[in-house]
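Student: Please take a close look at one part of this model, the open sheet and the residues around it. I would like the pairing and the contacts in one connected account.

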Amino acid sequence: MHQEKISRVASEVSKIVVGQEYMVNRLMIGLFTNGHILLEGVPGIAKTLTVNTLAEVLHLDFQRVQFTPDLLPADLIGTMIYNQKKAEFEVKKGPIFTNVVLADEINRAPAKVQSALLEAMQEKTVTIGETSFKLDRPFLVLATQNPVDQEGTYSLPEAQIDRFMLKVKVDYPTKEEELEVMRRMANMAFKPELETLLTKEDIFSIRNEVNQVSISESLEKYIIELVFATRNPKDFGLNEEAYYMQFGASPRASINLNLASKAHAFMNGRDYVLPEDIKAIAMDVLNHRIILNYEAEADGITTEHIIGKLLKKIPINH
């Protein structure tokens, strides 16, 4: 029953958003595995629109926070305000109290705001004054960031980036897609009706089903080999790649590879993981966890290039 609804989500979102099926797929993987997602791409390629539309189709509360250099933690989580009538302080909750929070251009805000958001992501609670509040469930943070070479951005520290399950790179649309975007958006009467397909209860039961997806021991070991190859590339014969790599992936990478591959299998109608599932999501799980050095930048080597080599080189031992 859920499978059919899940397959209809993408077509429902496409009533408004052209292309971006890949991004929608990855957003749903995050939602079904309780993982947060970092979207990277230049402005104007429908990142916000896609997230907003998906939240509507899934009947989730949605808040967007534009991160700016003068944003304060209180603007995000809320603060204590004085009620003159009652002569006491009251809690005013911030926009983080929602199901889906879009942190737009996260790398434009200072470290204090980023750490307030990341605490909420990790602990699923927020402390205002002396009171702790549990966040709504499901709770998903989708952060967008412009590629770091743009002016006025603070790059996220590695430890913070590691909290995101996936980092999805969002590209420009094709010519055909952009033509369709232009036609839709130039029509001021364009306002299609969206159907709500999944409820919060559906999402929780899908999470239980994803949890039941089986993964063989040989594939569990394959995940560990992949992650260890990012830390000790020379042990795996990746001498050329080792020259460019500064740090490898943390244990969160292993956990997230396992979870995301289960969700990928489930969304493809299977209750077991195949090697293809791991390979399909490896790029998004690993590309923000491998830190390259200056030589890589000088030679134009990207994390995608390194991960591609890893996937070719590391065998699956049955």
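Tutor: Strand 2 and strand 5 (residues 100-104) run parallel and are joined by five bridges; two strands pair if DSSP finds at least two bridges between them. Strands are DSSP runs of E with at least two residues, helices runs of H or I with at least four, numbered from the N terminus. Val 65 stands opposite Ala 103 in strand 5. This is a predicted model, in which local features need pLDDT of at least 70, side-chain atom pairs count only at pLDDT 80 or more, and totals for chains, interfaces and linings use all residues. Residues are numbered from 1 along each chain as its sequence is written, and side-chain values use heavy atoms, without hydrogens and water.

The open sheet has five strands in the order 2-5-8-1-9, with parallel pairing. Strand 2 (62-66) and strand 9 are at the edges with a single partner strand each, so one side of each has no neighbour in the sheet.

Lys 167 belongs to strand 9 (residues 166-169). Lys 167 counts as buried because its relative accessibility is 10%, where buried means under 20% relative accessible area, exposed over 50%, and partly exposed in between (1.4 Å probe, protein chains only). Its side chain makes a polar contact with the side chain of Glu 40 at 3.3 Å; such a contact is a pair of N or O atoms within 3.5 Å, and within protein one must be able to donate a hydrogen and the other to accept it, while residues adjacent in sequence count only if both atoms are side-chain atoms.
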